[in-house]
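Student: I'd like to walk through this one with you, a piece at a time. Can we put it up and start with the strands?

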Amino acid sequence: MSGLPPSTPYTLTDCDREPIHQIGSIQPNGFLIGVSADWMVLHVSANAKDWLGVEADDVLGLPLNRFIETEALHLIRGRLQIAQINGEVERAFSVALIPGGAPCDIAVHLSDSTIVIEAEKSEPGPVQDAGTMVRAMVGRVERTGSFDAFCREAARQVRGLTGFDRVMVYRFAPDESGEVIAEAAVHGIGSFLGLRYPAADIPQQARRLYERTWLRSIADIGATPVPLVPPVDPYGKPLDLSLSLLRSVSPIHVEYLRNMGVSASLSVSILRHGKLWGLFACHHYKPRALSFERRATAELFGQMFSLLLEGRERERDAQHEAEARRAHNRILALLADSESPIDSIQTFAAEFRALIPCEGFACFINDQLMLEGQTPTREEVVGVVRFLNRAPPSRIYLTDEIGAVHPPGRDFTDRACGLMAIPVSRAPRDYLIFFRKEAVRTVTWAGDPSRKPVGYGPNGPRLTPRKSFEAWAETVHGRSLPWSEVDLRIAESLRVTLLEVVLRLADVAVRTRKESHERQELLIAELNHRVRNILGLVRALVRQSQGGAGSVADFAAILSGRIDSLARAHDQITAENWGPASLRNLVSAEVAAYVHESGERAHLSGPEVLLSPQAFSVFALVVHELVTNSAKYGALTDRHGHIDLAWDFDPSGRLVIRWQEHGGPPVRVPSRRGFGTTVIERSVPHDLRGEAEVTYALSGLQARFVLPENHVTVVDAPVAVVAEAVAVTERSDFSIGGPVLLLEDNMIIALSTEDVLLSLGATRVTMTATTHHALETIAQDPPVVAVLDINLGDETSFVVADRLRELGIPFVFATGYGESAVAPEGLAEVPLLKKPYASDQVLRALAAVLH
């Protein structure tokens, strides 16, 4: 490339190829050692003598333990174990590496197979409590109202932590340019707030490193880098310093910062769903070195801020989507009864425009075109449709600059610049098209983004950093406001709904058959998926319950209890259409399953909270195991014993739940760890990313659980308690004493229920699978009581129930639909057995109708 003339064009992507992760040197405020898996020194920074008292060449190829204290090496090995697990950098503070040496902060990570150890001098004074500091910072940020205040306070907190002259919140746009949206700075240095920086200012490889490492620090851009010795390994490969905290700085970036007048910088990544959303960009106009410890605190705050940002965006999107869902349902209800799709959609055009904000709307169905609001002409829209016909038929198409992709669109930018097209059929191509008008806006750049001068180095031309950062205003024409992710999700939901409605209205007969077939396949696939999940869960429960059973009866009781617990949890979740359910109801239901006077034996205290379906199912098994253990070995074995269960929120918004048993026998630490103990201690951390801690105190078992805030909802009014409305009856006091009719279309369930009925004193059990056979049985051999499954494939048992009621024969219903099962008027009060049911539930239900 050195022979290219000055006029040769040079692309910005060449700047992206600079190997900044293999730069071969570190910053001089620390030192680095790279060792092999057997702890032989492979690389060392040239300043090793300043830190270890040994020349760099004298360290290479020798065991590391010759140069570092045994205790320090032991600590490094421990940190490395954690680094191998999480794939990140682990740190330790105030570590003496050599006898009599100054304490150092160290960092360790793996780079391919090389163990990389870095060290800097420790900051004098007591060790900083990073957790407390970050908690206080997060608390102040959380208390802000608007999004602007949220970002502004975050910048202020980072500046207070780091002491840098300027801290900016820098957000990336979809085109990868960046904008300063918040700033905290010392007085008199000017402001960068509102300035936009071109995408080329941060090369692609730098963006990838920002996603891998949360923090990048440059203590002094004028400092001379310290080279690594040797620069490459025996295979000629340089050491990858992607995760290095001391990695030296690209000469291009040094020049860039120098042109801005910056002497030291700190960058903390802000990630959204694992992707780079922005940065905390910190500038100082004199050299400034932060200790590992303080940088670790800044990194932790960046991680917490990223989580808070995701939470705020979720709340905003959820509110928008809730409003859109209501409008969506209203539109669907109105369209469902219509016979003409084009007339219906035209009637509700305003509803569509409210659903996805726009200035113009077009509907193109069956070659009929309807326009509403500010749109291109009919001929121009037909041209847009022909352009859309070249796109995939089942994908939403959107752009905020029609003229850039459809040249005729440049002729109507005064009426429409943005376009979102929702395909609502495959053949013919039908569309709903939303138009947005031009949004002329002024973007203020930090310097002219079009001017990135080309310079000449030893290897030919290269891009050099801009020297001017003066505000440069650009007026943007021909573009609309961009379409958001929420707009796209709403459009996708609308596409699915309208595809169904429009196709049905276009050809009722064909559409009906097609829909039935597709729906059947979907239901079969969903049923197959759910059945596989259920069978997998039951298989796991069977396998894991074997170890705690001393006999077949014990095994059956343990397994039945766990399945019943999941069934109770499932009923409470489905009662709210698979929505959040009450923690208080969960505990009450579990305790009531084992203790008759549950209100006296379990003291519950805490705010009314609802758990997400996932958390509810997981915690149901945990509570079941706690209650079962208490009933077998703990406080519930003694009639004077009781359980205190209290919950509240910690400062970060997580739900903390404490279990304490009182009045039971002395507690002993279990000699072995069964499945129940594993469920208690590991379910919440593994499935919910929470915490679990169990203490075997002599006076009573204690447990503490922490559930992340995304699984918890606070409600103002108390939640109605879900309880069985069937009186408790002891087995010894009850006997059926006659024949029983069992109407059940599943043979396995029927056989199992027959065993239960015979054990409860039934003289015989007549099993039937159809209403016809059941009515014949009633006529020929009337039972004393009947158990009727509500749903029998293509019929229900209500006709049998009516006949039994006419004859005065008591009966109970059984169902797999839980609380959602609906009986006709007059049968709603009949006791209901919810599958899977156990023998004690059958006993209580039959006792309620026979006595």
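Student: Which residue in strand 29 stands opposite R658?

Tutor: This is a predicted model, where local features need pLDDT of at least 70, side-chain atom pairs count only at pLDDT 80 or more, and totals for chains, interfaces and linings use all residues. Residues are numbered from 1 along each chain as its sequence is written, and side-chain values use heavy atoms, with hydrogens and water left out. Strand 27 and strand 29 (residues 700-707) run antiparallel, joined by six bridges; strands are DSSP E runs of at least two residues, helices are H or I runs of at least four, both numbered from the N terminus, and two strands pair if DSSP finds at least two bridges between them. Across that pairing, the residue facing R658 is R704.

Student: And on the strand 26 side, which residue stands opposite R658?

Tutor: Strand 26 (residues 642-649) also runs antiparallel to strand 27, with eight bridges. The hairpin they form has five residues between the strands, and G653 there takes a positive phi near 95°. The residue opposite R658 is A646.

Student: Why is strand 27 said to be largely enclosed by the rest of the structure?

Tutor: Go by burial: buried means under 20% relative accessible area, exposed over 50%, and partly exposed in between, using a 1.4 Å probe and protein chains only. Strand 27 covers residues 655-662, and it is largely enclosed because the number of its eight residues that are buried is six.

Student: How many disulfides does the structure hold?

Tutor: A disulfide is a pair of cysteine sulfur atoms within 2.5 Å. C104 counts as buried at 3% relative accessibility, and C363 is buried at 0%. The number of disulfides is zero.

Student: Is S263 buried or exposed?

Tutor: S263 sits in the loop between helix 6 (251-260) and strand 12 (264-272). Beyond its neighbours within four places in sequence, its contacts include A219, D220, H284 and Y285. Its relative accessibility is 18%, so S263 counts as buried.

Student: What separates the C-alpha atoms of L760 and I736?

Tutor: L760 lies in the loop between helix 19 (747-759) and strand 32 (764-768), and is buried with a relative accessible area of 3%. L760 and I736 are 24 residues apart along the chain, yet their C-alpha separation is 6.1 Å.

Student: What is the mean pLDDT of the protein?

Tutor: pLDDT is the predictor's confidence in each residue, from 0 to 100. It stays under 50 over residues 1-14, and is below 50 over residues 525-537, a stretch with one contact beyond near neighbours in sequence. Across the protein, 76% of residues reach 70 or more, and the mean is 79.

Definitions and conventions
Contact means heavy atoms within 4.5 Å.
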